[in-house]
Amino acid sequence: MTDMKHTDMEEINIATDVLVLGGGLTGIKAASEIAGSGYKVILVEKDAELGGRKGPGTLVGLKEESKGLQDLEDKIKTDSNVEILTQASLVSAAGVTGDFTARLLKGAEVIEQNVGAIVVATEFATGALNEKYGLSLADNVLTQSRMDELLASESDKEKFANKTVAFLVSLGQEGNPLVLERGLRSVLALQEIDGCDAYIYAGDLKVASNGLERMYKESREKGAVYFKLTEKPEIVENGKTISFFDSVARRNIEISPDFIVVEEEMCANHLNEELAEILRINVGPSGFLQSDNVHFFPVRSNREGIFVAGSTREISSLPSAWTDVENIAIEVKDLLGDGKKIVAKNKAVVNEDKCVICLTCYRCCPHGAIYWGDKKAIISPVACQGCGICASECPMDAIQVGGFEDEDMTEKVKSGVVSGNGTPRLLAFCCQNSAFEAGEMADMFKMPLPEGLRMIKVPCAGKIDLDYILNAFVAGADGILVMACHPGNCKSENGNTFAQWRVNDAYRMMEEVGLEKDRLCFVGTASNMGSGFSSIVVDMEKRINELGLSPLK
Amino acid sequence: MSTKNKKVMVVGGGIAGLTAAWELSRFNIDVELIEKTPFLGGYAIQYCCKATDECRQCGACTVEAMLKNVVNEPKIKVHLATDVEKINNSGRFSVDLKKSSYQPVSATEGVIRGYSKNNSPLHVIVDKEKCEENPDAVPEGAVELDTMGFSGKLDVDAVILASGFQPFDAEQKGTYGYKKFPNVVTGMDLERIIRENATVVRPSDGKAAQKIAFIQCVGSRDENLGNLWCSQVCCPYALRMAETIKHKNADAEISIFYMDIQNVGKNYAEFYEKCKTDFRFVRNIPVDVFPMENDSLSMRYMNEEDGLCINEEFDLLVLSVGIMPGPDNNDLSGIFDVGLNEDGFFAGIDKLNSTSTLKGGIFLAGTVAGPKDIAASMAHAGQAASEVIKHLGVS
Ligand SMILES: Cc1cc2nc3c(=O)[nH]c(=O)nc-3n(C[C@H](O)[C@H](O)[C@H](O)COP(=O)(O)OP(=O)(O)OC[C@H]3O[C@@H](n4cnc5c(N)ncnc54)[C@H](O)[C@@H]3O)c2cc1C
Ligand code: SF4
Ligand code: SF4
Ligand code: SF4
Ligand code: SF4
């Protein structure tokens with residue numbers, strides 16, 4: 001954090017208990033690791049028992065490890081640092097990072113807990129996809145889960161002796177390595193049974209996980225037949241026959257299997273949406289609780305102190321959920337420490353005299369860092385990321401961001417408008433996470449840059465006030481660039497969207513005073529785009545040269 | 001327990017090593033980061049941004065951010081151009097380091113340049129004679145490779161191996177004509193081409209490429225080579241770069257030759273659908289490439305619809321090379337006494353914990369333990385750091 005000028009520091013106390021939501025294997029592991037680092041953990045599970053779904057679907061390929069998993073579960077029950085609440089659920093979570101007040105409902109009882117951090121560990125849900133293939137579940141039409149169950153029992157297994165089994169994979173959905181692994185393991189298990197033949201009808205084989213290509217090869221060597229298709233085969237009479245046209249062999253290939261195993265989809269837990277609302281965290285693609293933003297990898301949410309593990313954030317195998325948990329363990333340790341935290345006093349501060357409690361900042365803060373005091377909004381120095389979105393949105397100009405105070409910024413805008421020997425005066429407002437880095441790279445790598453270009457660093461494009469843009473034009477800028485992160489890459493989720501809106505406002509005002517629209521440009525940039533930065537600003541200079549210098553100067 | 005004097009050596013300064021080092025430094029642990037080349041960042045620091053009108057989540061920019069964290073962190077001591085020579089384990093590990101034998105493949109004008117503004121030094125002189133001939137071409141602040149590197153001893157409490165991977169050497173598949181025909185490039189080359197030029201140009205004439213083919217699984221999933229793994233990253237990078245090219249040049253005609261397309265990003269189904277409307281997918285891996293007069297390439301492959309072989313001409317051919325075990329894995333396995341798996345990557349203790357090894361105090365992070373993308377390498381490094389912290393009893 002070398003960029004910030006936070007000279008004024010203070011020590012504050014934060015709560016060090018941790019709430020873990022979800023008592024499946026991932027939640028248990030999280031509780032165990034966090035308790036292991038000396039924090040008290042409240043582990044909340046909605047069902048009567050811990051352990052969650054431990055079906056063969058969750059533990060694919062983890063036979064050897066499953067003993068250890070049982071030990072872990074037994075251990076957690078006797079861990080004095082872990083309080084287990086079963087048949088309980090979260091109803092509200094007020095406050096901010098380091099000081100959340102969670103209200104939990106267990107039966108009719110409401111339990112209040114003050115916690116410093118929250119870990120969400122919900123499991124994925126599965127769904128049968130037989131309808132996608134026009135099949136009804138029957139004695140001969142099995143879901144993958146049913147197949148897993150049958151294969152787990154020595155007596156049921158015998159059912160498949162001298163039978164033909166067809167698998168349908170990645171044709172009813174896009175699929176993923178976990179779905180494929182379940183199928184492959186069944187195929188390999190069937191090949192141990194006398195006279196059992198396996199046929200696999202597959203779209204894209206999702207082999208992008210350790211060991212799957214090898215399993216695929218092994219099953220082929222043992223006689224499994226794979227038909228790689230781009231669309232579903234024709235299935236008649238609920239699976240009596242399956243056929244497709246083989247374009248290479250130029251003939252129809254038909255088989256009559258005794259059993260059909262249909263893939264299952266794995267999707268987000270239905271509890272996620274409600275949890276997201278209570279916790280004020282963003283929902284990502286397909287209902288998983290992490291937006292698709294690389295800055296949150298692996299386990300962060302948009303709120304500091306709320307972490308997402310395993311299948312809460314994407315479809316996860318148990319090994320990757322374990323990786324998540326270890327990452328959460330160190331995040332929690334780093335955040336909570338010994339309960340005393342040194343924080344910058346001036347990260348973002350509300351001026352009590354100016355605040356009229358309009359709620360604007362509370363609503364727009366992407367990190368949920370604002371709460372309410374007696375007479376004003378209060379910004380948590382632990383939760384705040386210093387993006388400055390609130391400062392630019394506050395109608396009363398009541399918020400100042402450390403290192404980027406209004407006065408300084410006004411001065412920087414004025415002095416940033418310089419003439420490069422008659423070349424256009426260009427001002428680029430650059431997000432410090434992306435465009436500013438790219439600009440420095442272009443400079444260091446001696447890529448072409450206009451002589452009259454100056455960069456003004458902002459903590460996030462969301463800090464760029466409409467005033468900055470207008471003042472720059474008044475100061476005589478011939479062209480202005482607002483350079484944000486690409487949509488979907490903003491560390492503060494939507495700082496770039498705020499910047500885009502303000503640029504649109506500026507366009508309207510420019511039109512009123514007759515200033516050409518081309519003098520202002522909004523563009524997405526990434527930190528590694530040195531050459532991209534160079535070509536964007538050189539293009540801008542070209543355009544301004546065509547327009548001529550600013551009529552306002 | 002106190003964190004005083006706890007020191008960890010991280011071998012390899014790619015994204016995994018950088019992440020591990022930085023995570024450890026957050027807990028007041030001293031880190032000695034050993035990198036054999038003159039630059040930090042590994043392969044991933046060389047990649048381009050693959051955004052179209054939105055971020056495509058390739059993760060390349062997070063490597064820049066992590067590199068910046070590391071170079072600004074005083075608890076991390078970086079040793080560039082340095083190799084591990086041997087290690088003794090008697091309670092703590094005692095390590096002998098030596099100047100690395102690193103030699104760059106090519107260096108125009110005797111100087112090589114780093115990839116990021118956070119690489120320091122940014123310019124390294126690898127051929128003094130060449131530089132003396134043309135001193136004006138030597139950038140200010142350039143450092144001689146000969147003067148870099150650290151020879152000496154270190155005592156550390158734990159080791160994280162993060163020496164990474166190597167991209168498949170496409171010359172091994174001779175019929176594609178890599179290095180023979182200028183417009184046959186690898187995915188790695190394409191990453192660099194886009195990063196350097198902000199657009200795709202043909203190496204032969206610097207002109208925009210119009211008709212482009214990607215061949216997937218080059219070196220991976222290949223029984224003849226005995227490479228029985230999916231590299232996991234080449235479908236994502238190929239499709240993302242193809243989308244970037246298409247975004248800049250809507251007329252570009254792009255074909256993807258593939259066996260199976262792996263998921264790209266969290267929104268994979270939607271992304272794949274978009275790709276299917278933007279590109280032509282051909283489920284066949286071509287074998288032979290022939291040069292044409294205009295430096296274009298003719299490729300022979302089997303048409304899916306009728307099973308007949310056809311020849312087609314392309315401006316640019318991209319070989320989607322995969323992730324192979326690192327070139328030093330055998331040596332490092334010997335030095336650290338940690339075993340490799342059947343594919344030649346380092347082996348973790350079990351499936352749930354692939355960062356700890358059978359050797360107490362030695363941990364793995366990133367692609368050294370098998371194919372991973374940037375995000376997974378970072379997560380793996382975080383896991384390794386967590387295991388190290390537990391091992392050292394740091395709180
Ligand atoms: C063509 C291509 C494109 C890709 N594109 C993407 C992408 O867009 N997005 C994505 O997420 N992933 C991508 N990947 C994957 C990505 O490259 C890896 O996930 C990532 O680089 C792994 O980082 P690492 O630190 O494990 O290894 P490396 O990047 O290999 O870093 C290892 C470091 O260790 C050093 N080292 C090696 N041996 C020694 C030694 N003996 N002593 C000291 N130091 C040593 C090396 O010099 C290097 O700096 C791509 C891969 C390829 C092949
Ligand atoms: S936006 Fe400004 S005025 Fe409104 S509540 Fe926040 S600080 Fe107060
Ligand atoms: S600066 Fe950003 S993170 Fe901090 S309170 Fe304002 S909007 Fe929230
Ligand atoms: S496409 Fe890649 S490099 Fe570009 S902004 Fe997104 S994650 Fe960063
Ligand atoms: S990711 Fe795609 S191209 Fe790479 S090995 Fe796997 S299937 Fe082949």
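**Exercise 1. Under cover**

What covers the buried residues of H6(A)? Find out where they are, then look at their surroundings.

*Solution.* Remember as you go that this is a predicted model.

Step 1: Go to helix H6 of chain A, residues 212–221. Its buried residues are A:Leu212, A:Glu213, A:Met215, A:Tyr216, A:Lys217 and A:Ser219.

Step 2: Now check what touches them. The cover includes helix H5 (177–190) and strand S13 (225–228) of chain A.

**Exercise 2. The whole chain**

*Solution.* Step 1: Start with the elements. Chain A has 15 helices and 28 strands.

Step 1: Get the dimensions. The C-alpha trace spans about 90 × 65 × 40 Å along its principal axes.

Step 2: Look inside. Of the 553 residues in chain A, 58% are buried. Among contacts in chain A with a separation of 6 or more, 72% are between residues 24 or more positions apart.

Step 3: The chain exposes about 22400 Å², and 47% of that comes from carbon and sulfur atoms.

Step 4: Count charges. There are 57 positive and 82 negative side chains in chain A, and the centres of these two sets are 2 Å apart.

**Exercise 3. The antiparallel sheet**

Work out why one side of S14 and of S16 in chain A has no neighbour in the sheet.

*Solution.* Step 1: Write down the strand order. It runs S14-S15-S16 in chain A, an open sheet of three strands with antiparallel pairing.

Step 1: Check the edges. Strand S14 (234–236) and strand S16 (251–255) each have a single partner strand, so one side of each is left without a neighbour in the sheet.

Step 2: On average, neighbouring strands here are turned by 20 degrees against each other, direction ignored.

Step 3: Zoom in on one pair. Strand S15 (residues 241–246) pairs with S16(A) in the antiparallel sense over five bridges. Here A:Phe244 has A:Ile253 in S16(A) as its bridge partner.

**Exercise 4. The parallel sheet and its helices**

Which strands form the five-stranded open sheet of chain A, and in what order?

*Solution.* The order is S4-S3-S2-S8-S19, with parallel pairing. At the edges, strand S4 (82–85) and S19 each pair on one side only. From one strand to the next, the twist averages 20 degrees.

Step 1: Pick a pair. Strand S2 (residues 18–21) and strand S3 (residues 41–44) of chain A pair in the parallel sense over four bridges. A:Val20 has A:Leu43 in S3(A) as its bridge partner.

Step 2: Bring in the helices. H7(A) packs on the sheet and touches S2, strand S8 (117–120) and S19, with its direction at about 165 degrees to that of S8(A). Helix H8 (residues 318–336) of chain A also packs on the sheet, touching S2, S8 and S19. The direction of H8(A) makes about 170 degrees with that of S19(A).

**Exercise 5. One tyrosine**

Is A:Tyr507 buried or exposed? Which residues does it contact beyond its neighbours within four places in sequence?

*Solution.* Step 1: Locate A:Tyr507 in helix H14 (residues 495–513) of chain A.

Step 1: Compare its relative accessible area, 18%, with the cut-off: buried means under 20%, so A:Tyr507 is buried.

Step 2: List the contacts. They are A:Lys517, A:Leu520, A:Cys521 and A:Phe522. A:Tyr507 and A:Lys517 are 10 residues apart in sequence, with their C-alpha atoms 6.2 Å apart in space.

Terms used
Residues numbered from 1 in each chain as written. Chains lettered and ligands numbered in written order. Predicted model: local features only at pLDDT ≥ 70, side-chain atom pairs only at ≥ 80, totals over all residues. Heavy atoms only, no water. Pairing = 2+ DSSP bridges. Helix = DSSP H or I, 4+ residues; strand = E, 2+ residues; numbered from the N terminus. Axes fitted to C-alpha atoms, helices over the stretch in contact; angles between N-to-C directions. Buried < 20%, exposed > 50% of the residue type's maximum accessible area, 1.4 Å probe, protein only. Contact = heavy atoms within 4.5 Å. Areas by Shrake-Rupley, 256 points an atom, 1.4 Å probe, with all protein chains shown as cover. Lys, Arg positive; Asp, Glu negative; His and termini not counted. Charge placed at Lys NZ, Arg CZ, Asp CG, Glu CD.
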